[in-house]
Amino acid sequence: SVGKWEGGTLVVNTVGVKDATWLDQLGRPHSDALHLTERYRRVDHDTLQLDVTFDDPKMYSKPWAGQKIFKLRPLYDMREAVCTVDKATAKPAKGIY
């Protein structure tokens, strides 16, 4: 992943993602040709907007995009999370959560 600022937007481009992973919790696949572009922008003091574009010509006929809005929660207690994958199934390993 390589990030750069474009004005007030942080743009992160990612390539070289192993094709054994999924794009999301629904199990959308991708190939080794995936190019992921994330654009992080602070809309206002309490709002962070993430726009993501998925471009994978081996798996999808055209690029597609999604958006996520994050609201500031100053009293939120963020806990540590471990992400690991069972190499045999390419699914989250049991007993992690």
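Because the model is predicted, local features are reported for a pLDDT of at least 70 and side-chain atom pairs count only at pLDDT 80 or more, whereas totals for chains, interfaces and linings use all residues. Residues are numbered from 1 along each chain as its sequence is written, and side-chain values use heavy atoms, with hydrogens and water left out.

The protein contains zero helices and seven strands, where helices (H or I, at least four residues) and strands (E, at least two) are DSSP runs numbered from the N terminus. Read along the sequence, the pattern is accordingly β-β-β-β-β-β-β. Of the 97 residues of the protein, 19% count as buried, a class that means under 20% relative accessible area, with exposed standing for over 50% and partly exposed for values in between (1.4 Å probe, protein chains only). The accessible surface of the protein comes to about 7900 Å², and carbon and sulfur atoms account for 56% of this surface; such areas come from the Shrake-Rupley method with a 1.4 Å probe, and for residues only the protein chains shown count as cover. Among contacts between residues at least 6 apart in sequence, 30% join residues at least 24 apart, contact being defined as heavy atoms within 4.5 Å.

Five strands form an open sheet with antiparallel pairing, in the order β1-β2-β3-β4-β5, two strands being taken as paired if DSSP finds at least two bridges between them. The edge strands of this sheet are β1 (2-6) and β5 (64-71), each of which pairs on one side only. From one strand to the next the twist averages 20°, with axes fitted as lines to C-alpha atoms (for helices over the stretch in contact) and angles running from 0 to 180 degrees between N-to-C directions.

Within the sheet, strand β2 (residues 9-14) pairs with strand β3 (residues 35-44) in the antiparallel sense over six bridges, and Asn 13 stands opposite Thr 37 of β3. Strand β3 also pairs with strand β4 (residues 47-55), again in the antiparallel sense, over nine bridges. A hairpin of two residues joins β3 to β4; Thr 47 in β4 is the bridge partner of Asp 44, while Leu 50 in β4 stands opposite Tyr 40.

Leaving aside neighbours within four places in sequence, Val 2 is in contact with Val 11, Val 12 and Asn 13. The C-alpha atoms of Val 2 and Asn 13 are separated by 5.4 Å, although these residues are 11 residues apart along the chain.

A search of the whole structure finds two aromatic pairs, where rings of Phe, Tyr and Trp (its six-membered ring) pair if their centres lie within 6.5 Å, and planes under 30 degrees apart count as stacked, over 60 as edge-to-face and the rest as tilted. Phe 54 and Trp 64 form a stacked pair, at 4.3 Å centre to centre and with 20° between the planes. This pair links distant parts of the chain, with Phe 54 in strand β4 and Trp 64 in strand β5, 10 residues apart. Phe 54 counts as buried because its relative accessibility is 13%, whereas Trp 64, with a relative accessible area of 25%, is partly exposed. The rings of Tyr 60 and Trp 64 have their centres 5.7 Å apart and their planes at 70°, so this pair is edge-to-face. Together, Phe 54, Tyr 60 and Trp 64 form one aromatic cluster.
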